[in-house]
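Dear colleague,

Please find below the structure that I am handing over to you, followed by an account of what was found in it.

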Amino acid sequence: MLGLMMNEPLRIAGLLEHAAKWHAETEIVSRLAEGGLHRYTYAAAHLRSKQLANALSELGVSNGDRVGTLAWNTHRHFELYYGISGMGAVCHTINPRLFFEQLVYIINHAEDRLLFFDLTFLSLVEKLAPQCPKVESWVLMTGRAHMPEATTLPDLRCYEDLLAAHTSDYEWPMFDENTASSLCYTSGTTDQPKGVLYSHRSTLLHSYAASLPDGFNCSARDVVLPVVPMFHVNAWGIPYTAPMNGCKLVMPGPGLDAASLYELYEQEGVTFTAGVPTIWFGLLTFMREKKLQFTTLKKMIVGGASCPPALLKAFDEELSVEIRHAWGMSETSPLGTVCTLKPQQLNLSPDEQFAIQTKQGRAIFGVDMKIVDDAGQELPHDGVAFGDLLVRGPFIAREYFGADQPGGLTASGWFRTGDVATIDPAGFMQITDRSKDVIKSGGEWISSIELENLAVGHPAIAEAAVIGVPHPKWSERPLLVVVRKPDSEISKQELLAYYEGKVARWWIPEAVEFVEQLPHTATGKLLKTKLRQDFAGYEFEKR
Ligand code: AMP
């Protein structure tokens, strides 16, 4: 017997319709690529998204067509999220930090019909165009005043002209909630990027789950600034959770430096923000130098890479911000776990509580997870056993877009994350490594992330990476590669001595190398494949 409730499909357009009706006057403020701030309301954003949907229809875009964006977090990108997905097409957000060949590959692989881009990317797009023949039109996201006088682009259009030529008289169509809504390619470190194709249903379910008190904890009283870009996993879903909850939205545009962010936090009364550890390091350094405090910022999410405990402590104790560690990936929409304490942990000592807060956290509703050994056997939740992290749920990818082997991801019914983790008896998951990065010394695993976190906790160290290097006796031993802070002095011996008493003796790196900088992927993660190439053939000195 079926239930007797209305069968209204979950659709992305419904989020903006809701915000425009019930939070009509709530603002969206954006810093623009052309310079200056733009300010309007959800009601106005809704009307312009409908104008855009009319324009797309006229350009021949229909159900399931891919429309690309190469853009910062701004109100125009927000309109594209709703205009494209809302009309039934697929909003393909492209990460401009990818290598040129990868950009060409994904635009062609996605078969984007139109490509919308910010002024910042004009010369990049001019180089891409000859290699992306399937793109019919290129749309510059600006007004007439900023259009270039000359360009090599075959069919360049102006975003504001396109909107101005269309009315907002548009009814969002009804369709199956499993319809594809958006596409985001993950930047593999070795393979070609792979496309994760989200649906309206997965996006809405993720928004509900992410909004919950032990997740982002969003409310209509919040002012939200996503530093995490809209070109990477939909800015962790914030462009959807903000209208769902009626939050004021502040979009930083290309201004991701600490001074620009701080100015927006203070000027717009931001209460909640989200981003990767690198951004928060920069902000912390800036605020320490200038002796600044936040007036309104209370909550912050850090994720995308492991957050060193020293950073969590600094935001909490020096800047009075409740900083939550979260884990996720493109394939999980992205939120998988968030770290907030359970009631029985509130009686623990501050140090014990802090040790829990450094973990990646508990599964949010909609995500089930387990850890397994090499034979696929489930491992205990004892906080000690390490294993491959597997997840499943309604907003987790079941296969990649245009995959050669459909169904390959879910043969076991679980998605293999490629991360290695422990889960403690209270359900807190802690990532110890990417599976390709684990170091096995004498048959036992050593967590490179834990060694890196300790290194960056040292005041002289700016960034650290630990890789496994072949060793005649132990098969592999950890090599610590670090970037020192400017003007700081520390010897290799001092750094190794610093590990004494903090980890088991056999975990202490075998050697230290100083470098000017470490290699990163387009999304700012340490590129250990490159580092391993750089140190191929490395030999430890005999001790
Ligand atoms: P992406 O799909 O590009 O967002 O990358 C996802 C990967 O980033 C995950 O599989 C993890 O390896 C890493 N990651 C994300 N969040 C965290 C975190 N809080 N701690 C450690 N690694 C993380």
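**Findings**

Ser333 sits in the loop that runs between β14 (322-328) and β15 (335-338). Please note that this is a predicted model. With a relative accessibility of 7%, Ser333 counts as buried, because buried means under 20%. A polar atom of the Ser333 side chain lies 2.7 Å from the backbone oxygen of Phe395. Not counting residues up to four places away in sequence, Ser333 touches Tyr198, His206, Val233 and Phe395.

Strand β14 also matters for the description of the ligand site, as it gives the largest share of the shell around the ligand, four residues. The ligand is surrounded by 14 residues, of which the closest are Ala326, Ser330, Gln360, Asp419 and Arg434. By class, the shell consists of four nonpolar, seven polar and three charged residues.

- A polar backbone atom of Ala326 is 2.7 Å from a nitrogen atom of the ligand.
- For Gln360, a polar side-chain atom lies 2.8 Å from a nitrogen atom of the ligand.
- In the side chain of Arg434, an N or O atom is 2.8 Å from an oxygen atom of the ligand.

On its own the ligand has 500 Å² of accessible area, and the protein covers 92% of it.

Phe78, leaving aside its neighbours within four places in sequence, is in contact with Leu16, Ile28, Tyr42, Ala45, Met230, Pro239, Pro243, Leu249 and Met251.

Finally, Asp316 belongs to helix α12 (residues 309-319). Is Asp316 buried, partly exposed or exposed? Its relative accessible area is 40%, so Asp316 is partly exposed, a class that lies between the limits of 20% and 50%. Setting aside residues up to four places away in sequence, Asp316 touches Val321 and Ile323. Asp316 and Ile423 are 107 residues apart along the chain, and their C-alpha atoms are separated by 24 Å.

Yours sincerely,

A colleague

Technical notes. Residues numbered from 1 in each chain as written. Predicted model: local features only at pLDDT ≥ 70, side-chain atom pairs only at ≥ 80, totals over all residues. Heavy atoms only, no water. Helix = DSSP H or I, 4+ residues; strand = E, 2+ residues; numbered from the N terminus. Buried < 20%, exposed > 50% of the residue type's maximum accessible area, 1.4 Å probe, protein only. Polar contact = N/O pair within 3.5 Å; in protein donor to acceptor, adjacent residues only side chain to side chain. Contact = heavy atoms within 4.5 Å. Near = heavy atom within 4 Å. Areas by Shrake-Rupley, 256 points an atom, 1.4 Å probe, with all protein chains shown as cover. Nonpolar A, V, L, I, M, F, W, Y, C, P; charged D, E, K, R; others polar.
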